[in-house]
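The sequence and structure come first.

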Amino acid sequence: MVPSTMTEMWTTLGSTIASIMFVWAIVRQYCPYEVRYYFEKYTQRIMGVFYPYVKISIHEFTGDHLKRSEAYVAVEAYLSANSSKTAKRLKAEMGKDSTNLVLSMDEYERVTDEFRGAKVWWVASKVVSPTRPMSYYPEQEKRYYRLTFHKRYREMITGAYLEHVVKEGKEIRMRNRQRKLYTNSPGYKWPSYKQTMWSHIVFEHPATFETMALEPDRKQEIIEDLVTFSKSKEFYARIGKAWKRGYLLYGPPGTGKSTMIAAMANLLNYDVYDLELTAVKDNTELRKLLIETTSKSIIVIEDIDCSLDLTGQRKKKAEKPSEDEKEKMDKERKEPKEEGGSKVTLSGLLNFIDGLWSACGGERLIVFTTNYVEKLDPALIRRGRMDKHIELSYCTFEGFKVLAKNYLNLETHPMFDAVHTLMKETDITPADVAENLMPKSPLDNVEKCLSSLIQALEEAKEEAVKRTADKEADRKIAEQEETTSKQIEDPVPANENAAQSQENNVTEKP
Ligand SMILES: Nc1ncnc2c1ncn2[C@@H]1O[C@H](COP(=O)(O)OP(=O)(O)OP(=O)(O)O)[C@@H](O)[C@H]1O
Ligand SMILES: [Mg+2]
């Protein structure tokens with residue numbers, strides 16, 4: 001009997017409340033503001049006593065109405081990823097790269113989520129603020145998400161659950177965001193109102209480590225190094241080091257240094273800042289550029305040896321300037337150089353890498369590339385600044401196999417043996433291999449491309465043989481020239497000298 005009495009009681013209460021609300025909805029339109037205010041205030045208080053659920057609203061815009069609230073944006077991403085499987089009414093919008101539709105829950109749709117055994121409900125909603133009479137502005141829609149949960153889970157939901165939602169939401173946004181390639185344009189004077197010194201385009205380089213011609217174990221080592229770095233936030237915080245890592249990529253032209261940077265960015269889902277040092281006016285501007293970089297990014301300085309005369313500037317400073325240099329310095333002080341030409345110094349760059357760098361939180365990689373590692377100042381590339389030195393060199397047979405798979409979709413072929421033998425005998429860059437494997441017309445088949453590569457390898461081999469022969473000939477000529485010049489200086493051979501002195505000894509005898 002009790003349950004049925006209870007049920008009846010709840011039903012009666014429910015219908016009474018519903019009736020009151022219905023009557024109220026009609027009456028409220030004609031009520032003065034004060035009556036409405038007090039009625040709603042006290043009914044909500046009474047409801048609060050009996051109602052066991054807690055509600056949290058997350059509004060799209062914060063107080064200033066200018067910027068979307070970070071919490072809202074994170075919740076939106078979290079719910080888009082989690083609700084598309086359960087929600088019944090979804091809205092579809094074009095993704096950022098205009099290639100796919102992104103689904104998210106529609107307005108007034110309700111989805112359920114579960115966290116550590118607790119059930120919560122999310123509703124996407126909005127309030128429409130009415131237009132004021134004579135106002136030019138249209139109706140304003142204020143969107144918000146409302147989270148509802150039982151009050152017994154209050155602590156867990158307001159703490160761990162919301163933290164989990166925001167963290168996952170941010171990660172989803174990071175994954176789905178359109179990555180950018182930033183550059184600092186040379187010779188452009190930035191107006192003071194301009195917000196940033198970097199200009200950007202969408203970063204869409206297709207390179208991956210999978211498509212890179214590199215021995216598998218080296219590739220694996222680099223990937224592991226990068227992934228470990230990206231997951232080491234706590235570790236870096238614990239050891240008191242800024243969460244950054246420097247890579248120096250060096251090797252001959254066309255060995256994949258730039259390609260590897262793109263593969264790194266794609267692996268870690270980072271933005272790329274391509275820093276053109278020669279376009280940076282001075283150390284101050286360099287610092288400003290650094291401060292404007294965002295977390296999860298790779299800052300790249302290509303061909304660091306050519307960027308500026310950074311080699312040995314520190315050494316020069318220590319030395320006493322000569323009279324000529326003093327004069328030049330005085331002149332420069334009196335008549336400062338006109339615009340153009342960068343005044344970034346080696347010490348400015350070193351500060352860029354480690355000094356200020358540590359003040360900028362967040363994960364960042366810095367990558368230098370060079371064709372001539374021996375030209376660089378050791379201070380610039382010492383461990384701690386450039387933590388990992390990676391040499392990219394001529395193509396190996398393993399590397400060739402990756403390129404053959406990429407370009408010709410070929411894992412093995414009888415012609416591979418010839419390539420293998422020739423590759424052991426001569427050097428060829430992956431860029432040259434790639435160029436030869438690329439079909440030049442629709443009629444080019446696998447054999448044509450492989451023969452083209454074999455021919456290129458044979459030519460390279462011949463050239464190398466010729467170069468060695470030329471060098472040997474040059475060496476012999478130099479040797480001969482040295483002997484001749486000695487003979488000119490000292491026309492009498494040594495043994496003849498000895499014989500002469502013996503003869504003299506004999507004649508001098510009494
Ligand atoms: N290791 C590699 N794996 C795959 N492709 C490569 C590799 N190296 C070079 N390539 C190909 O050669 C082209 C040139 O390579 P990349 O620009 O990366 O060379 P680089 O080492 O940066 O040369 P440079 O020193 O002249 O800047 C790339 O577009 C790519 O297609
Ligand atoms: Mg390059």
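Strands pair if DSSP finds at least two bridges between them.

Strand E7 (residues 180-183) is joined to E8 by four bridges, and the two run antiparallel. Lys 180 has Val 202 in E8 as its bridge partner. Strands of a sheet pair through backbone hydrogen bonds, either parallel or antiparallel.

## The chain as a whole

The chain contains 18 helices and 13 strands, which are DSSP runs (helices H or I, at least four residues; strands E, at least two) numbered from the N terminus. Among its 510 residues, 21% count as buried, meaning that 20 or more other C-beta atoms, placed from the backbone, lie within 10 Å of the residue's own.

## Confidence

The average pLDDT (the predictor's confidence in each residue, from 0 to 100) is 80, and 78% of the residues score at least 70. Two stretches fall below 50; contacts require C-beta atoms, placed from the backbone, within 7 Å.

| Stretch | pLDDT | Contacts beyond near neighbours in sequence |
|---|---|---|
| residues 191-195 | below 50 | zero contacts |
| residues 332-339 | below 50 | one contact |

Where pLDDT is low, the predicted coordinates should not be read in detail.

Local features need pLDDT of at least 70 and side-chain atom pairs count only at pLDDT 80 or more, while totals for chains, interfaces and linings use all residues. Residues are numbered from 1 along each chain as its sequence is written, with chains lettered from A and ligands numbered from 1 in the order in which they are written.

Key. Buried ≥ 20, exposed ≤ 12 C-beta atoms within 10 Å, placed from the backbone.
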